[in-house]
Structures are given as structure tokens and as C-alpha cells.
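This report concerns selected packing and pairing features of one protein model. The sequence and the structure are shown first.

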Amino acid sequence: MSSSEYVFIDLETTGISEKKDRIIEIGAVKVNSLLEPVDKFHTLVKPGISVPYAISILTHGLNDEMLKNAPSINDIRDEFLKFIGDAPLIAHNATFEEAFLKAQIKKDLRNPFMDTMELFSLFFPAIGSLKLDNLIKKTGVRTDGEKHRAFEDAEDMYKIVLYVKNKMKEDLNYYVVAQRMLSFFRKEEWLWSDLIKGITPAVPPKEKSVHVEDDEWENNNGSRELKFSQVEVDAERLFSLITPPLDQRPEQHEYIKYIANSFNNNSALMIEAGTGTGKTLAYLLPALQWAVKNSGSVIVSTKTKILQQQILDNDFPLAKQLLDNNDIKALKVQGRNNYLCIRKMDRFFADIDLIDDFESKYSKLFFFAFDKLSDGGNFTNIPIWVKTTFPHVYRMLDVLCADSSNCHQSRCTYYNDCHYFSMAKCSKKAHLMITNHALMMNWPAHLPKGDKIIFDEAHNLQKEATEATTMEIDSGVIANLIFILHDEQRGKGVISALKKMGLDTELLTKLEATLLRLKDYDVQFKDLYEKLFVKVFASINKRINQDYAERLILFSPTLVYGQYDLAKSEEWKECSSFFSDTLQAFKYMNELLTKVKEAVIDKEYVMIIESLIEKLGELGLLLEQTLALSDVDNLDNQHVFWLTLDYTRENWTLSRALVDVGNVLAADIYPNFSSAVFTSATMKAGNKSISEDIGFDRITTRVISDDVISIPSPFDYKKHSMMVFMNDSMNAWENNFVPQLSSTICDIANLLGGKTLILFSNIRRLYACYDILAEKLAPKGFKILRYDLGSDVINYFTTEPKAILLGSESFGEGLDIRGEALSCVILERMPVMMKVPMYMAREDLYKIKHKVNPYLGYELPQRLLKLRQWSGRLIRSKTDKGVVLVYDKWFSSQRPEIRQNVMNAVFPMPVVTSSVKDVIDGIKARYRDWGYDV
């Protein structure tokens, strides 16, 4: 029987445990089957225990004082049960509400629960995050985001479903997704299908036509022909376009001239632009002018999605406006395997079978919805919740992605609708292509090559290039292969299909026998964690810390560490023996699949088999290279190999990475462009730049300068800032460090009235410090914020008086808070470099190459670059003033030349030292100099 009413419900609680924590607020909205409002319910609840400070902050003020006169859960139970009746209860992440209601309202509560996460993941399949705040902003339900109050959140959930209802009336894609849902699920299987049935319009909306011109782009492989004599960029003209209300900054003028010089003279350039230079606009103006005048294209490569989106949404529209040219086009570009292949989905993953369970149906429905509603078919924005809740979706990403080995290109039936080629077609007409560093390591053949390139956030280029060239094999890899070959639970997979095709019985028998062999190895692969790899660590490393993931170098071309002991280890010999057997199974499976490919007529399955052969080949290569580590006379001289044990998940990963990516970048990437610009706010620390890290020192084309050109910030750091290093603080690992740090933070907070950001390199210390600050400062009216308390935490910090924000290391880059809201940045310790295998190998490479102390030549500059990045959060405008406090006595304990390196790195910010006892007086004096009443 269909439901006539539904109740949207949300709870606020003192925590996440239904056994230990208590409900403090209930909000609910009752609607009929057409989503018309019927009634509402709202009450605060006296919990009988204290409300944690973090919860009070998250819920915008629900504290003990506010709740002391509220009714108890017993007082409101009958009224609430009468309100909900037997209606289905709709909640966001419904398992949470269900657990609390059954624990504290009624143990045998029989109302069915419906999770909005399941529904919203289908109608917003590429939203990135299914947090309610994100959905609210996406749909425009509320401009200020999630309230974290029960009634408002319940009402917002209801409004988002109303949004979906309205979209089904006006957008055919929403309508067809709803129709597919109704054909897949009966109401007995999924109550959402019953609700959707009641609100789906009887007549579908009209289809909107979208056409992307082809222009036979494929025939020239996306390449362009430049004029023999290129039209030069006019730097002076471009700078004259920057008029009020925009600031005309001399530093920005100088930056534009350097970029124009690089473009006009086909040369390479490393240029550091201090905070406030306006570098993004300053490189976009010459890049776009050059592209338009020369019918060319410029690639901008960045590390972070945030910057990519900022360029698209903010800087590019402004540059286009200043150039007075609405025809300039920009496009965000990503690799082929990020896109859904519609042909594969339609061929292998569309219709449902009688044996399909809920997850199978949901997965098929999800990819159908993703094709229709994702606005580009790009996998990178699939919500994490979907991939973790429905592993079948995650496993199918590798199967359903577009790839070069089995693409029909223009011969494909789905070519005109193809997500990847739609992007590729648009890219041919784009003057600006915005991409990421990783993709530059393997640029797709079907995309325009680009004539010139700008690497923004260039200080991250080495790391991103390393990750793009790293190979890995882990304890779950064979299971994923088996899933594709034969999904036993659902009777699906390549082998099942081959049986239906009537494949040669003998060949099929061998294939099944090898699959059984792989299944046996899969069990052993997982057992390797405990039986062998933990013993390898114990025998060679002599140290196992089960609180963290640990890494053991198996071989490095630069380190005489591990490999000889490794070759002698009985445990490693046993591992090698098993790897050797696995490798032989991979090779034999490849031989069989190659024969199968020749016997199969169906081209679709030929392509799937080809992709399996390619994957088996990659895994086999890594195993082969790893087995060779025991041969000390024929060792790899370019890569570092290491083993990672993750004690929390009880799994292992074997990795191989290139030690010096600079050689690859200089030989294979940079020569493809007539100009290459490398830019960032932090590219140099003292006398050491990132030149060698990114292979700039090996560029064979013309360079404007062998070293980084530095454009100083227009901000007066000397007058408006100060960096203070402690000279007698405790070490971060000592027991009383957090109480001591917290005491100083409290003193600074009282002095400044909040306005403080603390950056932590250790999350445990962050949480411990948070608890102390909440206890000491919250009663005084301070708002103590933590990085994980909702997506609006930054906005809260900038608008609330007396706010303090505790952030992780990730807050050290990209955070842009201007004005007095941020007047002090505290680093809980001097930035450190983790002794991971790649870092150790590169440190030793530096020593071998330059015959100098690797600490001074490599580690210290890396740490100072981080220090510059983190301290760069403080001064973000000409009027900003403040102090950076490094709560670490490291500086005072260093030799004079190292201290000088630090001061050179952060120049012109003055550097001083202070004792814990005197630091507040010193900071107070500085703020008084700036005219603050402290």
C-alpha cells in the first residue's frame, strides 16, 4: 500500500553514539504524497548531560543554558509518536536518526526510514559531496548553507526534494532518470520509488537540443598550425586595461612584462610572485591576448581543483571583460579515464536481471543518472559516499571509463553524445585549457597539444609528477581482476559472457582453472599482510608501530639501505616466491586471454579483454621489477621501491616511483611548448629554488633567467608583520606541550579578542588543544572553531567576533582571509619533512649529485618553502597587520647560518625570538605600535 504521508526529520545530538549521547533537538516536516506540507514539529530536548562545546558551536548556540528549561525526551515522546504515526521517516544519512530514535524514543519503532543520501546521489550524481550544506547551496534552497539546527535542516531536505520535483517538470533528463528508477524498483524494494511515482509528471518535458560542432577535428589529431611570424603580446597595453576599481600595482605591471617577454620570445621562465601581486590575472591577460591574435591555445596547469575553479569562475571572466572579447573560450580538461563511456554502460551495464540485488540495480541506475545529469560525465566528482556505500559502483569505474585501447572514436554509435569527445571537441576551440599537473605527464592524444603552458602552483609540480608516474599493487588488486572476469554472486563477468557465446570448451576450461588459481592467490595475497610482510618489517626494520601506516624501503638507487638485508631475509624470499608464482599466473592468464580475443567475434568483448590484458601486463611488470630487487648486480637505477603496511586497515601496498622526475619533465614535457612559465608565491627558500626539483635546470630551449625571478609582494611586511620563534618552549612530543601551547593561545586570544588561526601538523594534538581552549575560553564568549566542524567554518570564523580556528596542514595553502578577522597565525611547530621513502631517496640523490650536506641543500629548503606557505596566510591585503608565532624552539637551537637562511626565506617579514614567559608582552608591544588598543 502506498504511503499517503511522509515525515522529513532531523535531530541534533550531543555526539554520534546513540548509547552514550542524547538528543537535544527534534525538527520535522510532514507532507502528503504530492509533497504538499501538512504539519510541522519542533522541540528542544533537555539531554540530562552536558552539551560538548564543539556541538554548541556546530549548532549555533545549543548549550546547557538554552536547554535547561526544555522538556525531557520522556515529556515529548507521546506527542512526537502521535505526530509521525506510521508514516515513513525521511532523513539525511538516515541510519543516524534511526539509531537515536530507536534508542531514546521507542525501541520497537516500526516506521520505515528513507535516506535522502540515496535519492540525492541519483539526482545530483556529480555534486562531489552529498553533505546537506553542499546540496543546499547547489539547489539555491538557502544562500547561507546548512544551519545545523533540526527544524531548518528537515525543512531544507524537504525543499531539495521539491527542487527535484520541479526539475522533473522542466528538464527531460530528470524525468527519464525518474522513469528509469520506477522501472527498476518496486515500492516494496525501495520506498523512494513510491514517492517519486507520485510526483513524476504525466507528460515528459520537451527535450533541449545541444549540438557541439565537430569540424573534422579528429583528422588533424587536434594539432594547430601557428603562423610563421607570431603576433606579439603588448604588455603596456594590457596593463593599461587594469583601471579602477581594480588596483594598478607596479608589481603586477612587472609580472605582465615578464610573461609577455616569455611568450614573445618563445622562452622558459620561473617567476615567483608575492602575495597580492595579482599573478593569475597578470598571466591570463597576455596568455589570452596571445592565443586570440595567433589562433593558438595556452594551457594553464595547476595542482588544486580550487584554483582551477577560481580561474574559470572568477579570473577568466574578468580577463575576458578587460580584453573586451566575449568570444574568448576557456575549458577545464581532464584525462580520458575520468569520463564515463556511454557505449560500455549501455552494452554491459544497463538492463536489470531477475538475479540483480538492490546494489546491482542501484549501481546501474546510478551510472544511467550520471550519464544524464552529471554535466560532462566526469568521474572525479562522484560523491565519496556513493563509492563507499555501494562498492559495486567503485569497482565498475575502471570497467566503464573511456579508454584508448577500446574506443571506436567517430565510428562509435554514441560518438555525438560521448562525454570525453564532447570535451575534446570543445577543447579545439578553446583559447585557454585549464588542467592539472598529473594530466600533463600523460597528455591525451586527441586533445590539442597547446602552444604555450603556464604551470601555476609550480611548487607542487614535482610531487604531482611523481604521483602520476608511480605504480602500485596492493592486497585487493587480484579481487578486482576476478570481479571483472567472473562476478560469482551475480553470475556476471567476461567468463559468463564467453560461455553464452559458445567459446571453445578446452580454452574455456583452462580459463576457469586459471581463475580458480587466481582466487586462491587472492586469499594468499590478503594473508601476506600478517604472515609475511609484518615479519619482513620486523626482521629488517626492527620496529613496528601499529598506530600508523609504516613504510619500508625495499630498494633505492641512492640508498644503501634495505636491499642487501632484504635479499638475505627468509621472509622476503618467501614473499618473492609467492610473487613469482603470481607473476606466472598473470602471464598464463594473459596468454589465454590473447587466444580468447582472437576467437571472440563480438567487438565489445574484444575491447574488454584487451583492457584486461593491459592491466595484467602492468601488474606483471611491477612484480617482475620487484623480483629483480634480489639481484644486486642488476638493480634498477632510477626508481625507489617500498612496502607500506597500514595497520588500521590491515592491508599492504607495494609501490615503485621515479626518484628524479625532473629528467622526464625536461625531456618529455617541456619541449612540447614554445614557451613554458613556472609560477607560484613560493618557489625559492634562501638560495635554493625548485629549479632542480622540476627539471628547469635541464631545459634545452631558451630561458629568460637560469634562476627564479622574484616579484616582491606589494604589502609592507617589514612594517605590518613579525615572525616570532619560541626559544624555550617544550618539544611537540612532550606530555605537557599541548597545555603549554594552549595557555599561550589563551593569552593571545584574550589580547586580540580571538582573530587567531592555529595550524597543526598533528591531528591528535589539534583535538587535545581544542578541548582545553573550549574549556577555558568558551565561558568568556570566544568561539572555538575546528577545521572539521562543517564547510562554513571559514565564513563563521570571519564573521563571528572573538573567533579562534584550529586547522590542519591543508589550511596552510590557499586560505585567503583578509582584514582584522585574522591577526595572528600560530604554527604549533616548525614544518617538518616526513622521512618517507621518496624523500629519503631524493635527499641522498642530492648528496651524491652535489657532494654537500643534504639537510642544508634539500631538507631545509623544503621546510622553509612550507614555512613561507603557512605564514603566507597572515597578510592578504595592504591594510592587514599581524604576527606569525612558531611555537618551536628549533630556530634558537640552530647554527647562525641556518637561522640566517630562515630569515632570508621569510624576508622582509622581521624574525625575532622570545621566551614563553615574555612572548605576550612582545606581541602586545608590536600591536600597540600598529595603533591597536591591546
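The text below treats a sheet with its packed helices, then a pair of helices.

**The sheet and its helices**

The model is predicted. In it, 5 strands form an open sheet with mixed pairing, in the order β3-β2-β1-β4-β5. The edge positions belong to β3 (37-44) and β5 (113-115); each has a single partner strand, so one side of each lacks a neighbour in the sheet. On average, and with direction ignored, neighbouring strands of this sheet are turned by 25° against each other.

Strand β2 (residues 23-32) pairs with β3 in the antiparallel sense, over 7 bridges. Within this region, Lys30 has Asp39 of β3 as its bridge partner.

| Helix | Strands touched | Angle between directions |
|---|---|---|
| α4 (residues 94-104) | β1 (5-13), β2, β4 (89-91) and β5 | about 80° with β1 |
| α5 (residues 116-123) | β4 and β5 | about 35° with β5 |

**The helix pair**

Helix α32 (residues 837-850) and helix α33 (residues 854-871) have axes that come within 8 Å and cross at roughly 140°. Angles over 145 degrees would count as roughly antiparallel; α32 and α33 are therefore oblique to each other. The crossing of α32 and α33 is right-handed.

On the side of α32, the contact is made by Tyr839, Arg842, Glu843, Tyr846 and Lys847, and on the side of α33 by Pro854, Gly857, Tyr858 and Glu859. By class, the residues of this contact comprise 4 nonpolar, 1 polar and 4 charged.

How values were computed. Residues are numbered from 1 along each chain as its sequence is written. This is a predicted model: local features need pLDDT of at least 70, side-chain atom pairs count only at pLDDT 80 or more; totals for chains, interfaces and linings use all residues. Side-chain values use heavy atoms; hydrogens and water are left out. Axes are lines fitted to C-alpha atoms, for helices over the stretch in contact, and angles run from 0 to 180 degrees between N-to-C directions. Helices (H or I, at least four residues) and strands (E, at least two) are DSSP runs, numbered from the N terminus. Angles under 35 degrees count as roughly parallel, over 145 as roughly antiparallel, 65 to 115 as roughly perpendicular and the rest as oblique. A crossing is left-handed if the near helix is turned anticlockwise from the far one by less than a right angle, and right-handed if clockwise. Contact means heavy atoms within 4.5 Å. Ala, Val, Leu, Ile, Met, Phe, Trp, Tyr, Cys and Pro count as nonpolar, Asp, Glu, Lys and Arg as charged, and the others, Gly among them, as polar. Two strands pair if DSSP finds at least two bridges between them.
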